[in-house]
Amino acid sequence: MASHTASQRYLSTRGGSYGLSFEEVVLKGLASDGGLFIPEEIPSLPANWASAWKDLSFEELAFNIFSLFISPAEIPPVDLKELIKRSYSTFRTPDVTPIVTLDEEKKIHLLELFHGPTFAFKDVALQFLGNLFEYFLVRRNQGKTGRDREHLTVIGATSGDTGSAAIYGLRGKKDVSVFIMHPQGKVSPIQEAQMTTVMDANVHNLAVDGTFDDCQDFVKALFADPIINKTHRLAAVNSINWARILAQITYYFHSYFALIRSPSFVSGATIRFVVPTGNFGDILAGYFAKQMGLPAEKLVIATNANDILHRFWQTGKYEKKPAHGVAASGGAPEDGAQAHEDGVKETLSPAMDILVSSNFERLLWYLAYNVYMSPSSPVSTRRSTAGEHVRNWLAELKTEGGFSVDEKILAAASSDFESERVSDEETLATITSIYSAVSPATSQTSASGTTGKGYILDPHSAIGITASLRSVQRNAPPTTHHISLATAHPAKFSKAVEMALQGQPGFSFGTVLPVEFHGLEDKARRVTVARKSEGWEGVRRIVVAEVEAERAAADKLAAS
Ligand SMILES: *Cc1c(COP(=O)(O)O)cnc(C)c1O
């Protein structure tokens, strides 16, 4: 760690590029060598941060944090402030990400991350990323007209949450088109309505008559296609984009200050963050916060039956398919979750249904950097050695389906993280028990539309709470506070919520539904069907034609 420098640069985790600017890594998304971008140095906090930052608003904290990662020469401070202000003005609460105490006695607090436009935590990052894309494009296009203007074509696939958050982040942005593929009829009705009722000209929904995996294959094929890459500047908004990780760091600090300001907090008490985890993006932001100097004792990874991360922390092996018997040794065997051909299991928390966690590669780089070389070695040697280790591990994952790390790496990983795996059954049981436990601390909030009743958790947030309860019981010092991240609003995952709460006194799903969702499913929709039988080339034809039509209409408007 080094004190922050005025010029922050970025490198690839696989050692193929160094010295990149923030703008380059945001627009590129993935490095040319297949690696992910990380800052060359994790900045440390200014010496007076604890007193100087403690009463700042969410936006002010975001500004201070982002400024440590983005050189002022790249985005002047006035512009950065304006970008942040615009990104979070779309949230329904001035606090942006409030915390709610769920259990006073056990000191469990819920960090509500779902007050953005699509009611999922991904809004915190994607509202900012959309504005960033537009900012960079508009700046590059200064003084240019018509077809001289650079145009960005964002392409993504979704099984639900990412697509709607990306669409709401990018709708109406100048010089940017967004194409989101979803498996036709296979995303939840609310999520499908959220995506397809957005009428901005730059938003293009593609319903693929196949599975989510088919959609992902099409995205990969397009990014690898030299023809479309010649004519279109493609960009991605998936969770590997560095700006998404950066944006998520803010709420770790914001919730920390909210907690220590509260009367129940005794000075010196330890704090754990518990994070429902899929691609490891959300919790990785917590790792950056901790490395910068935020006093978090542990970061607790909470997984569902797709438990590659949990198995890693148990065994030091990162494997797509567990060797026989390993899965059962860490806890209950799978709870009837349906396994796909490739091994992904379908659970009640679909936003966490992953086979591998793409952002884990970033943590691996820092582990190798800190463990394998002495701090006295030249920094360039340390960096290239870390890159080499990451390259080898990822190559083995690709060829062998997994790799092992040695004890020193696992020990380093375990000093910052713990892990818990939670089954569907336990998820439902937690939704039920938290709803039944009416506590005065929660009845004050109407954040999830639950005035006067128990708190209604969505299934992803319930996984975090289950893990928090275990952590309280198992090994946390008695003064420990747990901040558990609530990643979605319960209305988005009605199936699990109804399964857990039907028949409970006072419960009807209507009370969960926010006004923003009323009538959503009856609104006009715009969606193009992409036939699986026509392959990715068929998707390419649609993308090319729709971008052309969109730009022609914009040219016409500019000329008139
Ligand atoms: C995306 C998502 C997650 C997983 O977050 P990662 O950053 O991929 O670990 C958890 N819960 C919900 C509701 C999500 O949409």
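1. Contact here means heavy atoms within 4.5 Å. In this predicted model, Lys122 touches Asp161, Thr162, Ala165 and Arg244, with residues up to four places away in sequence not counted.

2. Lys122 lies in helix α5, which covers residues 122-140. The UniProt record, an unreviewed entry, lists Lys122 under "modified residue: N6-(pyridoxal phosphate)lysine".

3. Is Lys122 buried or exposed? Its relative accessible area is 11%. Because buried means under 20% relative accessible area, Lys122 is classed as buried. The annotated lysine is therefore a buried residue of the model, and the residues it touches include Asp161 and Arg244.

4. Over residues 9-88, the model has 44% helix and 8% strand.

5. The axes of helix α8 (residues 212-224) and helix α21 (residues 535-559) come within 9 Å and cross at roughly 70°. Angles of 65 to 115 degrees count as roughly perpendicular, and α8 and α21 are therefore roughly perpendicular to each other.

6. Which residues form the contact of α8 with α21? From α8, Phe218, Ala221 and Leu222 take part, and they meet Gly535, Trp536, Val539 and Arg540 of α21. The residues of this contact divide into five nonpolar, one polar and one charged.

How values were computed: Residues numbered from 1 in each chain as written. Predicted model: local features only at pLDDT ≥ 70, side-chain atom pairs only at ≥ 80, totals over all residues. Heavy atoms only, no water. UniProt positions renumbered as here; feature names shortened; annotations may be inferred. Helix = DSSP H or I, 4+ residues; strand = E, 2+ residues; numbered from the N terminus. Buried < 20%, exposed > 50% of the residue type's maximum accessible area, 1.4 Å probe, protein only. Axes fitted to C-alpha atoms, helices over the stretch in contact; angles between N-to-C directions. Parallel < 35°, antiparallel > 145°, perpendicular 65-115°, else oblique. Nonpolar A, V, L, I, M, F, W, Y, C, P; charged D, E, K, R; others polar.
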